[in-house]
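Please look over the sequence and the structure shown here before reading the briefing that follows.

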Amino acid sequence: MSPTRINSVSRSSTPPQRNSPSSHGTSRSGSTLSLIDARTPGHIRPVYWVGPAATVGHVNGAGPGERPTTTAIGVDSSIYVAGHGGLVGSAIIRRLSAAGFTNLITAPRSELDLRDQGAVNAFFAANEPQYVFLVAGTVGGILANSTRPAEFLYDNMMIHATVVEAARVSGTDKLLYLGSSCIYPRLSSQPIVESELLSGPLEPTNEAYAIAKIAGIKLCDAYRTQYGCNFVSAMPTNLYGPNDNFDLTSSHVLPALMRKFHEAKLRGEREVEIWGSGLAKREFLHVDDLADACMFLMREYDEPGPINVGTGLDCSIRELAELIGSIVHPGAELVFDASKPDGMPRKVLDVSRINAMGWTARTSLRAGIASTYEWFLAQQ
Ligand code: NDP
């Protein structure tokens, strides 16, 4: 199979229209408006990014050379983004490209099925990526998770197993694996700290996915312990942004709501049906902020176990729906179908560790939803 070395993303070349954060607020228990409008705010072998000094490095944390380092990542380092066409992968490609990295390696699923160990080994042997962002996976919302648990478990277990093993064999310098906040127990104390991992039963609606993701974290840790591999795991909260999945049968809540409001507006309908009671509380992170965090962690984080990535702020599904409605279809009426599952009652990450390292999210929920809707409209 032939890898692609790129400077742009294949799934869409439309850049997101980013708005400036509108206001500041950090209280986890603040009012709806303050949450929605808020601008939220180790070490086997430390790494940092080098290159065009003005552009490379974390956008709001320490720049290149500002922390003790032993390994520099030059702009010509070979970097493989597994899952480059997806929501997260495309954002990482955008971020790396913007920072001047030129030696980006990608391969579409049609040429490389990441569940195939032989093919993945051959790909790594041919390309020998120095750095790997492992952000491929079978992903979806409550409906997809609960109706396709076998796929969610098998695909995700296989993808991380093949890529982690191939990275070890080919001598990859560092790998960043992306888990999910779904790994934490259903009744975790909130905000969820990393030490909650494996402390209680999982949320049944996404148990298969969570078990695969937990195995991925443990795999990275096991390779670190047994082989000394510098493989790290980051746990993002719910993500949204350009290149998200807007298919109502498999999408997450935010893009699903955006599409529902949009289609109701086109049909001239006032009522919009929302799954669940609207009371469940969730946290949302713009994917460009996540991409920035991934670069930051590739440079700064070298420890076993997961590190949370989020805003640390949550809102109820009702508040989210009201916000999306106000942007997409002002005046729409929300109708909640409480017979549909809510999932975990509340899920918000404790992000004190990554904040203390010098990284915070920058995009307010209102600005992020508005720019994502602009992107969505541009695709129609
Ligand atoms: P997407 O579905 O948008 O993208 C997944 C990517 O993985 C796609 O490029 C897809 O290829 C690729 N892929 C899937 N299966 C295979 C395969 N067998 N072989 C090759 N490529 C494959 O997902 P996201 O970007 O949203 O998620 C990326 C990661 O982030 C996942 O690990 C997910 O668990 C994690 N995450 C996502 C969250 C979210 O809210 N979206 C929240 C927390 C974590 P193709 O384009 O061909 O389908």
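Which residues of helix 2 are buried? They are Leu87, Val88, Gly89, Ser90, Ala91, Ile92, Ile93, Arg94, Arg95 and Leu96, where buried means that 20 or more other C-beta atoms, placed from the backbone, lie within 10 Å of the residue's own. This is a predicted model, in which local features need pLDDT of at least 70 and side-chain atom pairs count only at pLDDT 80 or more, while totals for chains, interfaces and linings use all residues. Residues are numbered from 1 along each chain as its sequence is written.

**Helix 2**
- Because 10 of its 12 residues are buried, helix 2 is largely enclosed by the rest of the structure; helices here are DSSP runs of H or I with at least four residues, and strands are E runs of at least two, numbered from the N terminus.
- Among the elements covering the buried residues of helix 2 are strand 6 (79-82), strand 8 (131-134) and helix 8.
- Gly100, whose phi is positive, near 95°, follows helix 2.

**Around the ligand**
- The ligand is surrounded by 24 residues, the closest being Gly83, Gly86, Val88, Ala136 and Gly137, and a residue counts here if its C-beta atom, placed from the backbone, lies within 6 Å.
- Helix 2 gives the most to this shell, with three residues.

**Nonpolar core**
- The largest nonpolar core has 95 residues, and Leu134 and Cys294 have the most contacts inside it; such a core is a set of buried Ala, Val, Leu, Ile, Met, Phe, Trp, Tyr and Cys residues joined through C-beta atoms within 7 Å.
- Helix 8 (residues 287-300) gives the most to this core, with nine residues.

Notes. Contact = placed C-beta atoms within 7 Å.
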